[in-house]
Amino acid sequence: MSRATRPAGRFAALAGLIVGLAAAPAAAQDLAIVGGTVHPVSGPAIEGGTVLIEGGRISAVGADVEVPVGVRRIDAAGKVVTPGLFDPVSTIGLVEVDLVRQTRDHSAAGGDDVVAAAFDPLDGLNPNSTLIPYNRTYGLTTVATGPTGGLIGGQAAVIDLWGTTPEEMVVKRGASMQAYFNEGAFRASGGARGAAALKLREVLEDARFWSRRRGAFDRGESRELSESRLDMAALQPVLEGSMPLVIFAQRASDILAALGIAAEYGVRPVISGGTEAWMVAERLAAADVPVILKPLANSPEEFEQIGARSDNAALLHEAGVDVAVSAYDSHRAHAILQEAGNAVRFGLPWEAALRAVTLAPAEIYGVEETLGSLEPGKAANVVVWSGDPFETTSLAETVVIRGRVVPEWSRQRELLERYRSLEAPRPAYGGASR
Amino acid sequence: MTRRWTRGVALVSAAILAAGCATTRSQTREEAATADSVEIRRSLAGTPQGAWESTYTPLPSRPVLITGATIMTAAGEELEDADLLIEDGKIAAIGHDLATPAGVETIDATGRWITPGIIDTHSHLGVYPDPEVAAHSEGNEATDPTTPEVWAIHSVWPNDPGFTRALAGGVTTLQILPGSANLIGGRGVTVHPIPSRTAQEMMFPDAPMALKMACGENPKRVYHDRGPSTRMGNWAGYRKAFIDAVDYREKWDEWIENGGEKPDRDLGLETLAQVLRGEILVHNHCYRSDDMVNMINLSEEFGFDVRSFHHAVEAYKIRDYLAERGIGASMWVDWWGFKMEAYDMVPQNIGLVSEAGAPAILHTDSDIGVQIMNQDAARAMALARAAGIEVTRDEALRWITAVPAWALGIEDETGTLEVGKNGDVVIWSDDPFSVYAHADQVFIDGALVYDRIAGLVPRTDFETGILPPGFRVGTEGGSR
């Protein structure tokens, strides 16, 4: 893949930020998932393969792995084994009910204030959100959760869908800066594409200025800045290229404009949305810019999406662009499976589709050292599927996060049990009790 | 409601207020005629016929024999290696080794699947078309909470690119409804998704019209400042409207029976009177179990039937009420959490309602969802089965064909593959319950209206010439 051309160790400096595994639950049980068709993503499929999990990490993957005596075995014969799914665009943990304002914590930019670079929504993460267990039972183990809206919305974090505190859940804080370069952002930033570009340049220019004149600024001997000192500080890793700028852009010309601004400031861009990315696939491939997209978005829902088509993912992949898939729907984040399946229907190779919901997001957010594939040393986020994971009729049968088998519990499951029979005087008094 | 993925993650676009325009009433020729018999007077009690009727005509067709397919009839059977003959726009024969009549074209469908055309009971294509610009916001006459006088057909833009995409998903019939801002939102209409110059040319001939009503959060949110602002305000609003409608109908019934001075027409009350007469079917946006039972109470107070609840996220809680009365529930597989009344979703909702014997329908309310109804029926089936709910493949197919046909009052014409029904037929490249299956060919009234393989892919005027030739979109299904 195009990723291989990246300088080795590009993300090594970030290793210190990857704190999630340190907080892995101590009670993780050693497991051996045996007999399934194993798709490591990092390598070819293994028929009748074994995934050995020790201490919350994968310790071995292969056809001839010896399972130590006493290790719990999960029979995956006739089933499919993959890494846990990773949704690259989410607000999980930051929202419960969209229209209930008090439960929504993913947006700080609003009105005229279109820059909220310092906003780190992780401080408001709710580990008890009902979205977490629900999506987890479908094989989703990891998401990049973060801000929406504005021109620069703030920072996203990579979290595993396991843990009782944000600290336990987090894999990487400040994994990306989220930006919007679409019709909504243009409207909010002065009403024209050029106005948004101007604002973006002003903010990046000021952030660069601030880093050079920080002392003078603190002494009050500097010109004014367009945004707060905290935003300037938050943008430094973006200017250094250590934090990717995930830019939501749709029209081909907007994608190119965003790439141009990123190049001017040495920013490492990722395109999200990308409905018309196929039109500029060669440019994206040449610049080694990955694209996060929604394969089912084949309608011109906005004027900036006139070129929407069903084989966007396939065309980008053919051109050598690394593709990741999101449903852009936190409540139904598991729909990335159906999205990826439809990308295959329209020509994306199956292996590339699996990569698009596992290793590609991990690489985008710089957590590929610990997530995204089944390799020794990586966190044990593993799913056993009843069949082809993209098929409509397949279900996740066993979901493992950091070596723990996730319980089949969710609010939806409990409601189902409560109403499985209407024969009790009131369902609330019948069915299973917990 | 409509949801747009581009407007932030899982954000709901608020109801957009549309500017109202005054309704022009004119005397029709019928009204000017002498109303000297009960029959003539009865014909004048609703909308005088003629001006607003369907002008749809089927596309040209030739008899066709499709051979060697797995035929899923949605009428109880799944036939292996079977043939289907379409003649004169109707299904003429289904069976094994059918003889090829002289001069009949044959399509070899060996290794492929055939189903009835898919039907969506809940669509806003045309009234909230793409691209979503203010000038296209045609679905909610949100100037008054009670607007039974408006008709969706007058808003439908036939150039919505969503129609051609729905067709490519094997959808042959859709009900286009007004939005859910209003307690009583107006009349819905049933159409074929065929690019046309007018929406009238898309109308399913003689299909009954619908009345769109909406429970719960949307009306009280939209009208919070002027009312209704509560559920009890909502219920008072429906009841007031139907009290007026009963009165109106009685006046007209009196005139029909006895003649005399003709009552004044009132467009809104005329619609509600037709609901009371059973000529217009009620389709009710209603999420919560308590709201749905209140709507049943309302229907009993005023003597009309609810044909289907829509977005019925909590239908599973009252599936016994639905089964007992034969009321349909139009449901998503697993949309949830965008508002409070959508919080109690269980993904086995469709399976549970179906198991209880109530009319279970999978609907979309979505320009994307409408393209993958076959996949979603399969997902609902698999989720139900995994929870121990027995669902046959035929039953799951009926959620998107036969049962919605019944809900729209066109079950005698379409919705199953049975001799004598309309030639609304889809040939699939694979098992239609697979995520990888394409609709290869789609027939409406026996006419081939979409052919992925041959590149017969209809395009709206809007998309014509809108991108340079090298960037032509819409044929990717066949080009790969």
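**Note on a predicted two-chain model**

1. In this predicted model, helix α4 (residues 193-212) of chain A and helix α8 (residues 252-264) of chain A have axes that approach within 11 Å and cross at roughly 20 degrees. Angles under 35 degrees count as roughly parallel, and α4(A) and α8(A) are therefore roughly parallel to each other. Their crossing is right-handed.

2. The residues that form this pairing can be listed for each helix. From α4(A) come Arg193(A), Ala197(A), Leu200(A) and Arg201(A), which meet Asp254(A), Ala257(A) and Ile261(A) of α8(A). Sorted by class, the contact of α4(A) with α8(A) comprises four nonpolar and three charged residues, with no polar ones.

3. A helix pair in chain B may be described in the same terms. The axes of helix α5 (residues 231-258) of chain B and helix α7 (residues 289-302) of chain B come within 10 Å, with a crossing angle of roughly 20 degrees. α5(B) and α7(B) are therefore roughly parallel to each other, and α5(B) passes α7(B) in a right-handed crossing.

4. On the α5(B) side of this contact are Trp235(B), Tyr238(B), Arg239(B), Phe242(B) and Val246(B); they meet Asn294(B), Leu298(B) and Phe302(B) in α7(B). By class, the contact of α5(B) with α7(B) has six nonpolar residues, one polar and one charged.

5. Chain A as a whole contains 14 helices and 16 strands. Its radius of gyration is 22 Å, close to the 22 Å given by the globule rule for 434 residues, so chain A is as compact as a globular protein of that length. The C-alpha trace of chain A spans about 70 × 55 × 45 Å along its principal axes. Of the 434 residues of chain A, 59% count as buried. Among contacts in chain A with a separation of 6 or more, 69% are between residues 24 or more positions apart.

6. Chain B has 13 helices and 16 strands. The radius of gyration of chain B is 22 Å, close to the 23 Å that the globule rule gives for 480 residues, so chain B is as compact as a globular protein of that length. Along its principal axes, the C-alpha trace of chain B extends over about 65 × 55 × 50 Å. Buried residues account for 57% of the 480 residues in chain B. When contacts in chain B between residues at least 6 apart in sequence are considered, 70% join residues at least 24 apart.

7. At the interface, 50 residues of chain A are in contact with 51 residues of chain B. On the chain A side, the elements that give two or more residues are β6 (85-90), α11 (336-345) and α14 (411-419) of chain A. α11(A) gives the most, with five residues. The residues of the side of chain A that touches chain B divide into 21 nonpolar, 19 polar and 10 charged.

8. The bond from Asp130(B) to Pro131(B) is cis, with omega near -10 degrees; Pro131(B) lies in the loop between β6 (118-123) and α3 (161-168) of chain B. The bond from Gly227(B) to Pro228(B) is also cis, with omega near 5 degrees, and Pro228(B) is found in the loop between α4 (217-222) and α5 of chain B.

9. Positive phi values may be noted at two residues other than glycine. Tyr328(A) has a positive phi of about 50 degrees and is placed in the loop between β13 (323-325) and α11 of chain A. Because 31 C-beta neighbours lie inside 10 Å, Tyr328(A) counts as buried. Asp97(B) has a phi near 55 degrees and lies in the loop between β3 (90-95) and β4 (105-108) of chain B. With 9 C-beta neighbours inside 10 Å, Asp97(B) counts as exposed.

10. Gly415(B) is in the loop between α12 (402-407) and β14 (425-428) of chain B. Gly415(B) counts as buried because it has 29 C-beta neighbours inside 10 Å. Leaving aside neighbours within four places in sequence, the contacts of Gly415(B) are Ala74(B), Pro116(B), Ile119(B), Thr401(B), Ala402(B), Pro404(B), Ala405(B) and Trp406(B). Gly415(B) and Arg249(B), which are 166 residues apart in sequence, are separated by 33 Å in space, C-alpha to C-alpha.

Methods
Residues numbered from 1 in each chain as written. Chains lettered and ligands numbered in written order. Predicted model: local features only at pLDDT ≥ 70, side-chain atom pairs only at ≥ 80, totals over all residues. Axes fitted to C-alpha atoms, helices over the stretch in contact; angles between N-to-C directions. Helix = DSSP H or I, 4+ residues; strand = E, 2+ residues; numbered from the N terminus. Parallel < 35°, antiparallel > 145°, perpendicular 65-115°, else oblique. Left-handed = near helix turned anticlockwise from the far one by under 90°. Contact = placed C-beta atoms within 7 Å. Nonpolar A, V, L, I, M, F, W, Y, C, P; charged D, E, K, R; others polar. Rg over C-alpha atoms; globule rule 2.2 N^0.38 Å. Buried ≥ 20, exposed ≤ 12 C-beta atoms within 10 Å, placed from the backbone.
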